[in-house]
Amino acid sequence: MRDEGVRESIRTELEATRLAFHALLDSLPDEELGRQSLNAGWTNAEVLFHIVLAFILLEPLVPMARIYGRLPPRYSRPQAWLLDAITGPFNWINALGARLGGRVLTRPQIRARYDHFHRRALKMIETIRDDEWQRGMFYPARWDPLFSDFMTLEQVFRFPEAHFRFHAGQIAR
């Protein structure tokens, strides 16, 4: 038997977030997409594409959490030197991705990317077995203020909604 409670709750949350993202994207006139956002150094369009990155991030995080979630904690907690080594590149790719996506993609392309990765997330949810929802892995919390030191698969799938709420408030009007 499948745990439809968690699965359905996440699906509902992600669909509500998709509708809110579309409403936010549609609410901005074209001239405001290139306007400086309330996030220093990023335009509104760059913040909007950064929101999409939360879904793209699910692609590597979900398989990693499934694998590391099977290991005993002493083997699954990354060493501090490794976290330090990957934090810089992660932050650089995160910023570069948002800047490029926000500058190169049009409004319909941003929407299409969001919807594409939203659909992929819904498909991934269907692959999670009931005994896996509380599996997880340790993450560098310094990657994102919304990350916990340890995140379960359920928390990973709920990340795009929290990420959207956090960044939607940075859109300048």
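**Starting from Arg119**

Arg119 has a relative accessible area of 47%, so it counts as partly exposed. Keep in mind that this is a predicted model. Arg119 sits in helix α6, and its C-alpha atom lies 26 Å from that of Asp30, a residue 89 places away along the chain.

α6 packs against α1 at an angle of about 180°, with the two axes 11 Å apart. That angle is over 145 degrees, so α1 runs roughly antiparallel to α6. On the α1 side, the contact takes in Arg7, Ile10, Arg11, Leu14, Glu15, Thr17, Arg18, Phe21, His22, Leu25 and Asp26. α6 answers with Arg107, Ile110, Arg111, Tyr114, Asp115, His118, Ala121, Leu122 and Ile125. Sorted by class, the residues of this α1–α6 contact come out as 9 nonpolar, 3 polar and 8 charged.

Now follow α1 to another of its partners, α7. Here the axes come within 10 Å and cross at roughly 25°. An angle under 35 degrees counts as roughly parallel, and α1 and α7 are therefore roughly parallel to each other. The crossing of α1 past α7 is left-handed. From α1, the residues involved are Val6, Ser9, Ile10, Glu13, Leu14, Thr17, Ala20, Phe21 and Leu24; from α7 they are Glu154, Phe157, Arg158, Pro160, Glu161, Phe164 and Ala168.

α3 brings Val47, His50, Ile51, Ala54, Phe55, Leu57, Leu58, Leu61, Val62, Ala65 and Arg66 to the contact, while α7 brings Leu153, Val156, Phe157, Phe159, Pro160, His163, Phe164, His167 and Ala168. By class, that contact holds 16 nonpolar, 3 polar and 1 charged residues.

Neighbours within four places in sequence aside, Phe157 touches Ile10, Leu14, Leu58, Val62, Ala121, Met124, Ile125, Ile128 and Trp133. Ile10 and Leu14 are among the α1 residues in the contact with α7, and Leu58 and Val62 are among those α3 uses against α7. Ala121 and Ile125 take us back to α6, where they take part in the contact with α1.

Which residues have the most contacts inside the largest nonpolar core? Phe157 is one of them, alongside Phe21 and Leu48, in a core of 46 residues. α1 (4–27), α3 (44–68), α5 (80–104), α6 (107–125) and α7 (153–168) each supply at least two of its residues. The biggest share comes from α3, with 14 residues. In soluble globular proteins, nonpolar side chains tend to be buried together.

One last stop is Gln36, in the loop between α2 (30–33) and α3. Its relative accessibility is 43%, which means Gln36 counts as partly exposed. Leaving out residues up to four places away in sequence, Gln36 touches Gly41, Trp42, Thr43, Asn44 and Ala172. Gln36 and Ile10 are 26 residues apart along the chain, and their C-alpha atoms are separated by 32 Å.

Methods:
Residues are numbered from 1 along each chain as its sequence is written. This is a predicted model: local features need pLDDT of at least 70, side-chain atom pairs count only at pLDDT 80 or more; totals for chains, interfaces and linings use all residues. Side-chain values use heavy atoms; hydrogens and water are left out. A nonpolar core is a set of buried Ala, Val, Leu, Ile, Met, Phe, Trp, Tyr and Cys residues joined through side-chain atoms within 4.5 Å. Buried means under 20% relative accessible area, exposed over 50%, partly exposed in between (1.4 Å probe, protein chains only). Helices (H or I, at least four residues) and strands (E, at least two) are DSSP runs, numbered from the N terminus. Contact means heavy atoms within 4.5 Å. Axes are lines fitted to C-alpha atoms, for helices over the stretch in contact, and angles run from 0 to 180 degrees between N-to-C directions. Angles under 35 degrees count as roughly parallel, over 145 as roughly antiparallel, 65 to 115 as roughly perpendicular and the rest as oblique. Ala, Val, Leu, Ile, Met, Phe, Trp, Tyr, Cys and Pro count as nonpolar, Asp, Glu, Lys and Arg as charged, and the others, Gly among them, as polar. A crossing is left-handed if the near helix is turned anticlockwise from the far one by less than a right angle, and right-handed if clockwise.
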